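Colleague: I have a structure to go through with you. Could you bring it up, please?

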Amino acid sequence: MVPAGQAYLVSICREVGTYPHLTEEAVRENPDELSAEELHAAAWPIMVEIADQQASRAVERFEELHGTGRTSDEP
């Protein structure tokens, strides 16, 4: 989840929240002043970066394990 709000509110959210999937990056704008489309457009690049990092880690892990009998490249 990408938090959205003024910096001090995002900070409070991090301090008291227990949700384990809160991104480090945040949309540092008042979400009440953004349309759903604008909010999505602001958060999307954050999520793309995270997805790219996870995909890179998965490829690296596959390459580490390839040939050990612990991976398969057959669907």
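Colleague: What does the accessible surface of the protein chain come to?
Modeller: This is a predicted model. In it, the accessible surface of the protein chain is about 6,100 Å². Carbon and sulfur atoms account for 54% of that surface.

Colleague: And how many of the residues count as buried, in percent?
Modeller: The protein chain has 75 residues, and 16% of them count as buried.

Colleague: Which radius of gyration does the protein chain have?
Modeller: The protein chain has a radius of gyration of 18 Å, whereas a compact globule of 75 residues would have one near 11 Å. Along its principal axes, the C-alpha trace spans about 50 × 30 × 15 Å.

Colleague: How many helices and strands are there?
Modeller: The protein chain contains two helices and zero strands. Helix α1 covers residues 7–16 and helix α2 covers residues 36–65, with a loop between them.

Colleague: Let us take that loop. Is T23 buried or exposed?
Modeller: T23, which is placed in the loop between α1 and α2, has a relative accessible area of 7%. T23 is therefore classed as buried, since buried means under 20%.

Colleague: Which residues is T23 in contact with?
Modeller: If neighbours within four places in sequence are left aside, T23 is in contact with M1, V2, P3, R14, I46, M47 and I50.

Colleague: V2 is on that list. What does V2 itself touch?
Modeller: Not counting residues up to four places away in sequence, V2 touches T23, E25, A26, V27, A43, I46 and M47. V2 also belongs to the largest nonpolar core.

Colleague: Which residues make up that core?
Modeller: The largest nonpolar core has five residues in all: V2, V27, L34, A43 and I46.

Colleague: Back to the loop. Is P20 buried or exposed?
Modeller: P20 is also found in the loop between α1 and α2. The relative accessible area of P20 is 62%, so P20 is exposed, the limit being over 50%.

Colleague: How many residues apart are P20 and M1, and what is their distance in space?
Modeller: P20 and M1 are 19 residues apart in sequence, and their C-alpha atoms are 9.2 Å apart in space.

Colleague: What about E37 and Y8?
Modeller: E37 and Y8 are 29 residues apart in sequence and 24 Å apart in space, C-alpha to C-alpha. E37 lies in helix α2, and at 60% relative accessibility it counts as exposed.

Colleague: A change of topic: which residues make the nonpolar surface patch?
Modeller: Y8, L9, I12 and V16 make a nonpolar surface patch of about 410 Å². Among them, V16 has its place in helix α1 and is exposed, with a relative accessible area of 64%.

Colleague: How many salt bridges does a search of the whole structure find?
Modeller: The search finds one salt bridge. The side chains of R61 and E64 meet in a salt bridge, at 3.6 Å from N to O.

Colleague: Where do R61 and E64 lie?
Modeller: Both R61 and E64 lie in helix α2, three residues apart, which is about one turn of the helix.

Colleague: Are those two buried or exposed?
Modeller: R61 is partly exposed, with a relative accessible area of 43%. E64 is exposed, with a relative accessible area of 56%.

Colleague: One last point. What share of contacts join residues at least 24 apart?
Modeller: Among contacts in the protein chain between residues at least 6 apart in sequence, 24% join residues at least 24 apart.

Notes
Residues numbered from 1 in each chain as written. Predicted model: local features only at pLDDT ≥ 70, side-chain atom pairs only at ≥ 80, totals over all residues. Heavy atoms only, no water. Helix = DSSP H or I, 4+ residues; strand = E, 2+ residues; numbered from the N terminus. Buried < 20%, exposed > 50% of the residue type's maximum accessible area, 1.4 Å probe, protein only. Contact = heavy atoms within 4.5 Å. Patch = residues over 30% accessible without salt bridge, like charges linked within 9 Å, V, L, I, M, F, W, Y side chains within 5 Å. Areas by Shrake-Rupley, 256 points an atom, 1.4 Å probe, with all protein chains shown as cover. Salt bridge = Lys/Arg side-chain N within 4 Å of Asp/Glu carboxyl O. Core = buried A, V, L, I, M, F, W, Y, C linked by side-chain atoms within 4.5 Å. Rg over C-alpha atoms; globule rule 2.2 N^0.38 Å.
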